[in-house]
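Hi,

Here's the structure I promised to pass on.

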Amino acid sequence: MVTIEEVLKEYHPLGTCQQAPPKPPKMAKFNVYYWHRRYPTHKSLKPKARIDEKLKNGDFDYSPYGKYLDYEYWWMAEEIVEIRNSDKSDGWKKDAELEVYRDYKRRFDNLRKDFERDEQDRMESLLYSIQYYFSGRKEQVKDFVYNIAEGEISDVIRAYPKWIQQQNTLECPF
């Protein structure tokens with residue numbers, strides 16, 4: 001008897017993941033470009049919206065596509081366990097498992113691309129919002145966020161005005 005954990009050790013990059021919720025029902029509209037997404041996407045606020053509103057809206061949160069990737073691995077493992085525990089011939093099991101993996105692999109690749117793109121967009125949105133709302137040069141904002149800031153995003157947003165004010169007094173030529 002094969003278990004889901006054994007299959008995840010074989011296929012998941014980390015070897016394990018959290019149990020996924022049941023698969024959501026199919027979306028009402030089918031889009032040939034986004035067939036790999038099972039959940040609706042996050043609607044970000046406009047770029048020049050207030051930074052506190054964007055924070056409350058979740059525009060700077062970790063991308064949900066990472067969680068969705070783990071769900072897909074779990075659902076793939078469920079299907080493979082079902083195939084391996086069936087009483088069919090070994091040749092049929094191998095073919096069916098290969099077909100399931102191939103279908104999920106396409107979904108994994110597309111979700112991973114979406115995840116990377118979404119994370120990049122969220123980071124650029126954070127940098128732009130901090131620069132727009134509190135001022136400072138682009139290089140200063142990047143330096144602060146990547147090298148100096150610590151903690152959650154709300155902590156970073158609160159700490160930036162103090163840091164930029166200190167930087168501006170240090171750079172004052174007179």
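**The second largest pocket**

The second largest pocket has a volume of about 330 Å³. A pocket here is found on a 1 Å grid over the protein atoms alone, as an open set of points where a 1.4 Å probe fits, with protein on both sides within 12 Å along at least five of seven lines. Grid points are joined across faces, edges and corners, and the volume is the space filled by probe spheres set on the points.

Before you read on: this is a predicted model, so local features need pLDDT of at least 70 and side-chain atom pairs pLDDT 80 or more, while totals for chains, interfaces and linings use all residues. Residues are numbered from 1 along each chain as its sequence is written, and side-chain values use heavy atoms, without hydrogens or water.

Back to the pocket. Helices are DSSP runs of H or I, at least four residues, numbered from the N terminus. By class, the lining has six nonpolar, four polar and eight charged residues; Asp, Glu, Lys and Arg count as charged, Ala, Val, Leu, Ile, Met, Phe, Trp, Tyr, Cys and Pro as nonpolar, and the others, Gly among them, as polar.

**Tyr65**

Tyr65 sits in helix 3. Is Tyr65 buried or exposed? It's buried, at 8% relative accessible area (buried is under 20%, exposed over 50%, partly exposed in between, with a 1.4 Å probe and protein chains only). Leaving aside neighbours within four places in sequence, the contacts of Tyr65 (heavy atoms within 4.5 Å) include Leu111, Phe115 and Asp118.

**Salt bridges**

The count comes to twelve salt bridges, each a side-chain nitrogen of Lys or Arg within 4 Å of a carboxyl oxygen of Asp or Glu. One of them joins Asp155 and Arg158, with the closest N and O atoms 2.6 Å apart. Both residues lie in helix 6 (residues 153–170), three residues apart, which is about one turn of the helix. Asp155 is partly exposed at 33%, whereas Arg158 is exposed at 53%. Asp109 and Arg112 also meet in a salt bridge (3.7 Å, N to O), and they too are three residues apart, in helix 4.

Cheers

Notes: Helix = DSSP H or I, 4+ residues; strand = E, 2+ residues; numbered from the N terminus. 1 Å grid on protein atoms, 1.4 Å probe; cavity = no way out; pocket = protein on both sides within 12 Å on 5 of 7 lines; lining within 4 Å.
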